[in-house]
Amino acid sequence: MADFKTRIDDLTGFGSTDDVAIVDWLTAGAREIIDVLPMSKLDRMSEEELFHSGNIKTTNPADGLNVEDSKILHVLRAEDITASPVVYQPCREVHANQIGRVIDPNYMEYATATDPAYYVSNKKLFVLPDHTTAPTNTGDEDCKLVKINEDFTIAATDTTIENFPKEATNAVVLYASRNALMRLMNAKHGNADITTALTAINTEMDETQAIADLIGTQVDAAVTEIAEMAINVDANVDTALTAMKTAADKINTAIELANDEYDEVAVEVTGTATSPISAARTAAVSALSISDLDLSGISAPTVSINTISYTDALNEDASSTGVDTVTSGQIGKANISGNQPTYTKPTISLSLSSISDLTISASAPSDISVSTPTVSFSHNVPIFTPPTLSVDMTQFETFLETDEDTELAQLQLGRLNNEVEQYQSNIQKEIASFNRDVEEYRAELQESIKDADLSSASEAQKIQEYSNDIQKYAANVNKEVQQYRENTQKELNLFQTRTRNELQQYGADIQNELNEFNKENQIYQANIQAEIQKANSDLQTALSNAQIAAQEKRQEAQQATQVSLANKAQDQALSLQNQAQTLQAAIADNDDILSKFNQEISLYQQNMNKEIQEYSLNLQQQIAEYQSAIAIQQSYYQEAQARINAGNSFLAEAQARANEVNTYGAEVASRLGQVSAQGTVAGSYIAAAQGYATEIQSKINIVQGYGTEVNLRLAVDSREYDWYTRQYQMVNAQFQEALQLIGIDKLKIEQMNEGR
């Protein structure tokens with residue numbers, strides 16, 4: 001006999017059913033048939049399993065007998081395990097929620113040895129009541145389970161089913177064949193080829209819409225380029241031409257300002273009555289008209305010291321001891337007749353510089369007049385309005401897959417094809433209309449650009465010639481100014497060098513004379529102090545001698561024995577004392593005279609220093625004023641140089657404006673070239689749009705091809721689906737007939753059909 005897979009393929013007419021599905025269908029079919037077989041046939045398939053009720057404890061349900069893959073037919077319990085023979089009583093089935101009543105003797109459901117019970121909980125079988133005594137020998141278990149083992153798998157290559165009624169085997173094959181046909185019918189609802197074709201249609205239609213959007217993008221880009229062409233002509237080109245005219249006008253202004261600066265420099269350099277340089281030169285000369293240092297109003301002080309005279313005391317009758325004589329030679333005047341110090345002022349003579357005037361012989365070019373060309377045209381910018389495409393594939397898929405109505409699906413597909421063809425026609429019309437507008441726009445624009453190009457070329461040549469004249473004028477002016485600047489700088493450098501050296505020498509001479517005066521003054525002061533000290537020393541010596549002599553006379557008088565001698569000695573002592581007092585008074589007068597002389601000497605020194613300091617300050621101030629005048633003169637020359645630089649800047653500005661004019665001219669040419677290039681770019685965008693339109697036609701042809709494929713596959717699938725439907729009905733009828741033959745009633749057969 002053929003295996004189950006071959007028999008199933010013979011019934012389905014399809015030889016590629018996978019083995020995994022066949023195993024599932026065969027196994028499931030066998031189990032369903034077992035569930036509805038009459039008990040007489042089930043008993044033929046049953047097997048017994050002995051077990052001891054002692055393994056079943058209500059207090060520990062985990063010890064029950066596992067019956068997960070078993071169909072329970074009967075459960076038996078030994079009434080008395082010690083009896084011989086053992087009598088087995090059938091157990092009644094109770095629900096697990098009735099356990100409390102089964103073990104409680106107060107309930108009628110109470111289980112006894114003659115009326116045992118069993119229940120299933122958590123995939124395990126429990127028998128009540130338990131036997132209190134365990135069997136002594138193996139095989140004497142007190143319980144029996146009569147079951148059909150459903151833990152089996154039927155392979156696709158099997159030819160029989162173990163422990164299964166042979167008359168029911170055909171029903172299992174028919175059950176599996178019926179499922180295989182159902183699967184084939186379901187597969188027709190989800191035909192991968194049709195789904196692929198529909199996906200391809202959607203993809204192509206989406207790409208068609210995307211390409212249509214690209215057409216709009218390309219046309220929009222072309223419109224943008226054309227609009228920018230107009231902007232470049234209306235705004236940029238006209239703006240550049242206007243800027244050329246403005247820059248050319250500024251050239252004339254810069255040249256005039258440069259001439260004004262050069263003329264102003266010439267006026268200032270000539271040193272007119274109102275010119276700063278004239279005042280600077282005058283100030284520099286008068287500031288150094290330095291007078292001599294005059295010390296005639298300050299005379300050195302003189303001193304007249306009293307002559308000290310001394311008369312010898314009489315030495316009558318007392319000649320044994322005489323008194324020394326104080327002579328005028330011993331006490332004389334201080335000798336301060338030395339030369340007083342004198343100051344000799346140095347002289348200075350500065351050389352002035354002579355700078356010639358600046359004259360500009362170069363002639364400025366005449367003013368230029370530049371006209372402003374314009375470009376304008378009246379044609380409106382062309383506009384492209386792409387048509388819209390709306391394809392509803394959802395309805396088509398609903399007719400085909402949900403409603404399973406191929407005729408409506410084909411009608412919907414035809415409607416979609418008509419919409420695509422109409423969209424293609426609309427695109428061609430819009431592109432043709434847009435191309436006509438673009439050509440008219442470009443023709444008028446090119447003509448306007450050509451007129452503007454000719455006008456701007458003429459003005460550009462005029463501006464170039466004027467720029468050349470400006471360059472020549474600027475070169476000549478710069479050459480003359482540079483020569484004048486070099487000569488002026490050379491004279492200023494020489495003047496500054498000579499003046500600096502002469503002022504430095506004059507300052508050195510002044511310092512030398514002051515040093516010589518201070519030296520002589522120090523010698524003079526030292527001589528005065530030495531003479532005064534010598535006179536004071538002589539006076540003190542004479543006074544000391546007189547006092548000694550008087551003391552000696554007094555001592556002699558005291559030692560004398562004779563009254564007369566004593567009287568004479570006393571007289572002599574008195575006379576000598578009087579002479580000493582007179583001498584002291586003269587010395588005191590001389591001290592006063594010398595003190596006053598010292599004060600006069602100090603005052604003389606202060607007056608001398610004051611005059612010299614004042615003279616020095618005046619001299620420094622005059623030198624500073626002269627240097628300030630020189631700085632003013634230099635600042636004037638710097639001002640002149642600044643004006644020259646300003647004139648050069650104006651010339652540079654004129655040259656820059658000329659370059660600017662040339663730049664704007666180049667910009668005009670560049671803008672016109674850009675306009676032409678943009679016209680080319682716009683044309684390329686239009687060509688790209690036309691290429692996309694051709695691609696849309698190609699996409700539409702592909703969509704139509706896929707639509708034809710869908711129609712063909714729908715036709716094939718419809719025929720196959722119809723065959724599978726008829727074959728399923730036939731197999732299902734055979735399956736029900738087979739079930740009836742093995743004794744299954746119609747009610748259970750209907751329940752099986754409802755559960756499929």
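Is Tyr724 buried or exposed, and what is its relative accessible area? Tyr724 is buried, at 7%, where buried means under 20% relative accessible area, exposed means over 50%, and partly exposed lies in between (1.4 Å probe, protein chains only). Before we look around, please note that this is a predicted model, in which local features need pLDDT of at least 70, side-chain atom pairs count only at pLDDT 80 or more, and totals for chains, interfaces and linings use all residues. Residues are numbered from 1 along each chain as its sequence is written, and side-chain values use heavy atoms, with hydrogens and water left out.

**View A. Aromatic pairs.** A search of the whole structure finds three aromatic pairs; rings of Phe, Tyr and Trp (its six-membered ring) pair if their centres lie within 6.5 Å, and planes under 30 degrees apart count as stacked, over 60 as edge-to-face and the rest as tilted. One of them joins Tyr119 and Phe126 in a stacked arrangement, 5.0 Å centre to centre with 15° between the planes. Both of these residues, Tyr119 and Phe126, are buried. Another is the edge-to-face pair of Trp723 and Tyr724, with 5.5 Å between centres and 70° between the planes. Trp723 counts as partly exposed because its relative accessibility is 35%.

View B. Lys147 belongs to strand β8 (residues 143–149); strands (E, at least two residues) are DSSP runs, numbered from the N terminus. With a relative accessible area of 10%, Lys147 is buried. Its side chain makes a polar contact of 3.0 Å with the side chain of Glu49. Such a contact is a pair of N or O atoms within 3.5 Å; within protein, one must be able to donate a hydrogen and the other to accept it, and residues adjacent in sequence count only if both atoms are side-chain atoms. Leaving aside residues up to four places away in sequence, Lys147 touches Ser46, Glu47, Glu49, Ser70, Lys71 and Leu73, where contact means heavy atoms within 4.5 Å.

**View C. Charges over rings.** Here the charged end of Lys144 sits over the ring of Tyr88, 4.5 Å from its centre. Likewise, the charged end of Arg31 sits over the ring of Phe152, at 5.6 Å from the ring centre. To qualify, NZ of Lys or CZ of Arg must be within 6 Å of the ring centre and within 35 degrees of the ring normal.

How values were computed:
Helices (H or I, at least four residues) and strands (E, at least two) are DSSP runs, numbered from the N terminus.
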